[in-house]
Amino acid sequence: MYKRQKRNTPKAVAVDGNAGMVYIIVDTVGKTPDHVIVTNTTSDTIVRDFALPVIGDANGMTLKDGNLMVSIVLEDQCCGPRDSTVYALSTSTGAVVTNLFNANEDMTQGQVKGLASDGDSFIVAGERGRDLIVLDNAGVKIQSMFLFDPTDFNWFDQGYTGLTISATSSDLLTAKGNKIYNFDSDGRKKNSWTVTGATNIVGLAITGTTTDMESVYLVDSSTKTLRTAVIPTPETVIT
């Protein structure tokens with residue numbers, strides 16, 4: 001018999017800026033589902049928590065249509081490439097609203113490590129991927145989004161562990177290690193930042209009403225912390 005024990009190691013984060021709620025997936029010990037702890041944007045008080053609906057490895061989370069969307073690689077999948085299952089969950093209880101789709105790792109360039117939504121489609125980052133994969137609401141692949149640096153065509157990275165999309169600019173943010181990359185909606189790299197003190201960013205979320213006031217929430221599994229930062233704005237040159 002397994003006892004459910006929550007660790008404080010974060011795996012993904014999502015933020016509801018309107019409600020002021022922060023959702024963090026944390027790892028568990030033993031053969032039990034991962035947990036979601038819920039805090040708010042103004043303090044570190046945990047207001048509630050709930051178990052995810054199935055046992056597995058949960059690494060992607062975002063908000064869409066008022067629900068919490070979570071990707072889970074279920075335990076005890078047989079052989080061959082494994083699926084990440086995306087669930088829509090109640091933000092208050094964690095109850096399953098619907099089982100949306102399965103995304104096979106052959107399609108997503110590895111198991112899903114980052115999950116985001118532009119309000120219509122899903123965008124995922126696979127554990128081996130250089131590209132981001134755009135899926136419709138049934139999990140059908142729409143396209144691959146090639147990420148590139150227009151000033152350095154030799155640049156590439158892969159295996160992103162955090163992903164989010166701005167509701168105001170449609171820019172994408174990805175994370176790997178202690179770096180955050182900023183891409184436009186066509187995949188062009190615009191900027192990158194190193195997060196001092198972080199070593200393994202595993203989740204990103206962004207909230208705000210204008211591009212000048214957007215805040216990034218990130219969870220770092222090595223330091224077991226939730227951090228926030230304001231996106232730097234470009235310097236304005238007055239001539």
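Ala, Val, Leu, Ile, Met, Phe, Trp, Tyr, Cys and Pro count here as nonpolar, and Asp, Glu, Lys and Arg as charged. The remaining residues, Gly among them, count as polar. By these classes, the lining of the second largest cavity has five nonpolar residues, two charged ones and no polar ones. The model is a predicted one.

Stay with that cavity for a moment. Its space comes to about 30 Å³. The residues that line the second largest cavity are Arg130, Phe146, Leu147, Trp155, Phe156, Asp157 and Tyr160. Arg and Asp belong to the charged class, while Phe, Leu, Trp and Tyr belong to the nonpolar class.

The count of cavities of 30 Å³ or more is two. The largest cavity holds about 50 Å³ of space. Its lining is made up of 14 residues, and the closest to the centre are Asn59, Met61, Leu115, Leu163 and Gly203. Strands E1, E5, E9, E13 and E17 each give at least two residues to this lining. By class, the lining of the largest cavity has seven nonpolar, six polar and one charged residues.

Two or more lining residues come from each of strand E1 (5-16), strand E5 (56-64), strand E9 (112-117), strand E12 (141-145), strand E13 (162-165) and E17. The lining of the largest pocket divides into 17 nonpolar, 15 polar and five charged residues.

The second largest pocket has a volume of about 350 Å³. Its lining counts 22 residues, and Ile24, Ile37, Thr39, Ile46 and Leu226 lie nearest the centre. The elements that supply two or more of these residues are E1, strand E2 (21-29), strand E3 (35-40), strand E4 (43-51), E18 and E19. By class, the lining of the second largest pocket has nine nonpolar, eight polar and five charged residues.

Several of these strands also belong to a sheet. Strands of a sheet pair through backbone hydrogen bonds, either parallel or antiparallel. Three strands, in the order E17-E18-E19, form an open sheet with antiparallel pairing. Strand E17 (201-207) and strand E19 (225-230) are its edges, and each pairs on one side only. Neighbouring strands of this sheet are turned by 20° against each other on average, direction ignored.

Look at one pair in detail. E17 meets strand E18 (residues 215-220) over six bridges, in the antiparallel sense. Within this pair, isoleucine 201 stands opposite aspartate 220 in E18. E17 also gives residues to the lining of the largest pocket and to that of the largest cavity. E18 and E19 contribute to the lining of the second largest pocket.

A further pair lies earlier in the chain. Strand E15 (residues 179-183) and strand E16 (residues 189-194) pair in the antiparallel sense over five bridges. Asparagine 182 stands opposite asparagine 191 in E16. E15 and E16 form a hairpin with five residues between the strands. In that hairpin, glycine 187 takes a positive phi near 95°.

Methods. Residues numbered from 1 in each chain as written. Predicted model: local features only at pLDDT ≥ 70, side-chain atom pairs only at ≥ 80, totals over all residues. Heavy atoms only, no water. Pairing = 2+ DSSP bridges. Helix = DSSP H or I, 4+ residues; strand = E, 2+ residues; numbered from the N terminus. Axes fitted to C-alpha atoms, helices over the stretch in contact; angles between N-to-C directions. 1 Å grid on protein atoms, 1.4 Å probe; cavity = no way out; pocket = protein on both sides within 12 Å on 5 of 7 lines; lining within 4 Å. Points joined across faces, edges and corners; volume = space filled by probe spheres on them.
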